Amino acid sequence: MLIGIDVGGTFTDGVLYHDHKILRSMKSPTESDNLQASVLAVLDELLKDTRGSDIARVVLSTTLVTNLLATGGGDKVALILIPGPGLNLRQLRFFNFAYIVEGATDFRGRITEPLNKSQIERAGEEIVAAGIDKVAIAGKFSPRNSSHERETKQILLSRHPHLQIITGFEVSGQLNFLRRTVTTYYTAVTKNTWASFATNVQAAIRARGIDAAIDILKADGGTMPLPVSLQYPCETIFSGPAASTMGAYALTLDEKTSVVIDIGGTTTDLALILEGEPLHSSRGALIGGLHSNVRSFATRALALGGDSAVRWQEGKLTIGPDRLGPAACFGGPVATPTDAINLLKQGKLGPLPPSQQALEKIARPAGLTVAELAQQTIDQAIAQLLASINDMFTAWEQEPAYKIWELIHRRPVTADRVIGIGAAAAAFMPLIAAKLGCRSFVHTYSPIANALGAAVSRPTLSLLLHADTKRRHYHLNIDGITGSCNSNWRLTDAKEEARNQLRKIAQQRGIGHYANQYEFFREEQFNMIRGWSTTGKLYDVGIQIAPGVIDGFKGVQP
Amino acid sequence: MNPKTYNRPLYQPAAPYDQTGLVFFPAFDWAISPTHPEREERLLYTRDQIFEEGIMDLPQIRQYQPRLAELKDIARVHFCVPNVAAQASEAHRIAAGGALVIADAVLSDEIKNGFALVRPPGHHAMRVAHGNRGFCNINNEAIMVEYVRQKYGLRRVAIIDTDVHHGDGTQDIYWHDPDVLFISFHQDGRTLYPGTGFMNETGGPLAQGTTINVPLPPGTTDEGIFYVLDNLVLPILDEFQPELIVNSAGQDNHYSDPLANMSFSARGYAILNEKLAPDIAVLEGGYSIETALPYVNLGIIMAMAGLDYSNLYEPDYRQNRFKENRNRMQQLEKIVQQQYHLFQRRHQLTAQGRPTGEPFYQRQRHIYYDTDQIREQQLETLRICPRCPGYLMIDSEAAGPQGRIKVHCISIPQQACSGCQRAARDHYAKMRRRPPEACAYSYLQDRPRDTYQQYDYHRQREQTL
């Protein structure tokens, strides 16, 4: 039996799944200042008729790190940057304790300026004097050569052994110094808070007699074992939208192109599944308005939900962005889009009179009939959703390509289907589908699809290998792993090495049984010509265990 | 050369119209030949540098996707022999299309300016295109300029060619056009390909002084180029008042370029673009792929986006490494003075140069296509019209490895008077009926009607774009 729990902003959802059936499901309000209690409340409910020892897997998706970052919580961190030539980072005014030190590495990993040791020592003194004990170090091109980051860490530790230090190459090995800086910094900010939450939850789960694997859902729709998450706390952001996207994926499991629409109380999350594959964002998740290196789904959030407050303001109808409570038909204080649908459907969702009364309060000063107001509310909400959906398709079509082949073979995408997730989905989906001219899909388990998505998502692992046969070495984007390569390496050798490394890292992380489900997503080779002859080759190989469902999962029976 | 002082934080949100557009199309699957300077690897390190820099995440930058230029967009500029598809592969159409995407975004006020960082380049491609010259098949800037003139009704455009090689293709295309100011500064043609771009190349008889060449002595530094900008290019632009400024942005003036001998730096390029403030920059040459391109491209993007470039430098750059010497400076002063004088007398020269009583002006030319080893003979015949820049006829005969071919081309400029338009169309109709001897194709480039025809004498078939 598997357990999936998704701690969302408003509700915590959980499912107990076994053999294509959902045995139990649970929805309870989230206690925002005690997420652990929220998790355990749902867990205990799910375990009511089940022994802990029968549980084979627990997957958690939580908003802890997202909340921490949104509220500016976490630990105080000093930042040391080794940027070399380029943008003037003195203008990067987001981090209070930031030091820029001399030293430079170029795109092929060659050191072009030595590190300035005394600058680092001075920074160390100031950081310690300010009472800060966590440091993030980020160097430009550190994925190609991490020696400056390592050296900086050593210099600091030799004087101040108590410092906790995170280096950029450990957390983010893709090329993008700004994103690496952001990711490294926020990893340091959230690491301790996440670790104490994760270990407490783990202890509580063990105390319930569950000795199964505990996995954490990541923004990319895959899971990672809890111990691994201690090193990558930022990977847990935006796991809510990831959970609902994977839920939609798990409920359909086909090769269609779908828009996933998760209509919550206050917000709606949108995601795309293109020909059966959930679409990732090419830019990395946003943290505090800055791009990070965290791989996430290309999701969009709208401040528009089933419970958004409907108002008439200055001659205009407004919906949201706030929620004052549930819909009027469920005892809430004001009219909501849910009430509008309830009215037009003559009480199909809940008791009609409260919806009618709430809408009347707005309709009268607006000079509309109740039915007109309800229709306008729905039209406006649908129009907003459609604009965002079209925007997402356009953004996908305009994703940059760097090869002629990619550009020529691109075709426009259209949705085959909308998949409704969340409690309010059933009422809205047919309306949206009609406007998009596609089918609508709402499953019996749509309201708790997010928790199901968490329960059945498989682990993911993505690896980039960059090899330079002239310099005879290669780098991975994970943990700063490097190795040497032969000067006559061919692309097949680079791919073989990437495959071996994927297997090795998967085993270390305890997800070795998925190591054979890899795919190559990038295979690039460049001849380096100096003078008029080839002097070496550069290879970029990407290999991944893509998001998917666990072995043996074939869908759920309603 | 004082860089601006910058107080804006790096991530300050930019209003859309305050953004700089960027098309980055490195064509990682295209090369002239595996070891050719114009090969897959050319923009690889530039990609690494701009990706690692994270510059495309900044709110000041908006990335665009290139598109394929239409065949018609190319026929608006070139007489491609035998046809457009034969000269413009997908790679060429994407490079030109990248420039068109940027032009559309600038002209519709989506962005304040933009850079088409594309390859293959184009500025050696002339009006008649029999093959590849100087790594170029079709002229990306000219295709863009004619597109915006057609679509947005622009008339006066300035193209500043900052590539180290003379922009002989662009010069050829605008030789007879008084509304396009073409200024090229480049290493002296006596010492570098294509061996042209001398001060006495000043434009056709009806477009005198809107083609301006500035041959630079080998070794010219940032300081020299700023002198030319401040004392020649910027004052001329001020007087000419173009509706659009285009930088035909080669990067081979760099001190490390393997094919030329100049001494510009990456920061010099940034300052150049800040001073010039082009609406659109289009990448041309530049073959120092590791030492220059990553830094120069970054510098151009930063300058156009108004980002502080004071921390931008090549790893081996040392301040005062290159100093302008007195001798070179004196040469530059003379060139600047003479060419500024030329520009100011342009109307007078055009009036004087108008042959009295002669209905046509002719010139004979020989053009060599280095890449494809084609030799072309041209006879240009320009209608000397008192009311407009006149229509142009070109008899072109090319001989190369593919054999020999002769074509006849007629071009009606946008500004042509109704009389010239009629005469040119009648001439094409006549040519269709009675082919000149051994001529394989006749072409009519009718810009006022935006239609482009070609007649195949062998198949007796006409194609219209």
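Visitor: Which residue does the side chain of B:His165 meet in a polar contact?
Guide: A polar contact here is a pair of N or O atoms within 3.5 Å; within protein, one must be able to donate a hydrogen and the other to accept it, and residues adjacent in sequence count only if both atoms are side-chain atoms. At 3.1 Å, the side chain of B:His165 makes such a contact with the side chain of B:Asp252.

Visitor: Good to know. Which pLDDT do local features need in this model?
Guide: Residues are numbered from 1 along each chain as its sequence is written, chains are lettered from A and ligands numbered from 1 in the order in which they are written, and side-chain values use heavy atoms, with hydrogens and water left out. The model is predicted: totals for chains, interfaces and linings use all residues, side-chain atom pairs count only at pLDDT 80 or more, and local features need pLDDT of at least 70.

Visitor: Back to B:His165, then: is this residue buried or exposed?
Guide: B:His165 is placed in the loop between β6 (157-161) and α6 (168-174) of chain B. Leaving aside neighbours within four places in sequence, B:His165 is in contact (heavy atoms within 4.5 Å) with several residues, including B:His123, B:His124 and B:His186. Buried means under 20% relative accessible area, exposed over 50%, and partly exposed in between (1.4 Å probe, protein chains only). At 9% relative accessibility, B:His165 therefore counts as buried.

Visitor: Which side chain is joined to that of B:Asn247 by a polar contact?
Guide: The residue in question is also on the contact list of B:Asn247. At 2.8 Å, the polar contact of the B:Asn247 side chain is with the side chain of B:Asn273.

Visitor: Let's turn to chain B as a whole. How much area do domain 1 of chain B and domain 2 of chain B bury between them?
Guide: Chain B is split into domain 1 (16-347) and domain 2 (355-464), with bounds from an automatic or database domain assignment. The contact takes 34 residues from domain 1 of chain B and 38 from domain 2 of chain B. Buried area is the accessible area (1.4 Å probe) that two parts lose on being put together, summed over both. For these two domains, 56% of it is on carbon and sulfur atoms, and the total is about 3,000 Å².

Visitor: How many salt bridges are there between domain 1 of chain B and domain 2 of chain B?
Guide: A salt bridge is a side-chain nitrogen of Lys or Arg within 4 Å of a carboxyl oxygen of Asp or Glu. B:Asp172 and B:Arg365 form a salt bridge, with their closest N and O atoms 2.5 Å apart. Between domain 1 of chain B and domain 2 of chain B, the salt bridges number four.

Visitor: Now the two chains. Which element gives the most to the side of chain B that touches chain A?
Guide: Chain B and chain A have 30 residue pairs in polar contact (both at pLDDT 80 or more). On the side of chain B that touches chain A, β1 (20-25), α1 (44-53), α4 (90-107) and α9 (293-304) of chain B each supply at least two residues. With eight residues, the top contributor is α1(B).

Visitor: How many salt bridges are counted between chain B and chain A?
Guide: The contact draws 53 residues from chain B and 52 from chain A, and about 4,600 Å² is buried, 57% of it on carbon and sulfur atoms. One of the salt bridges joins A:Arg144 and B:Asp48 (2.9 Å, N to O). The count between chain B and chain A is eleven.

Visitor: Last one: how many salt bridges does the rule find across the interface of domain 1 of chain A and domain 2 of chain A?
Guide: Domain 1 (2-70 + 193-244) and domain 2 (78-190) are among the domains of chain A, and the contact takes nine residues from domain 1 and seven from domain 2. These two domains bury about 610 Å² between them, 64% of it on carbon and sulfur atoms, and have two residue pairs in polar contact (both at pLDDT 80 or more). The number of salt bridges across this interface is zero.

Note on methods:
Helices (H or I, at least four residues) and strands (E, at least two) are DSSP runs, numbered from the N terminus.
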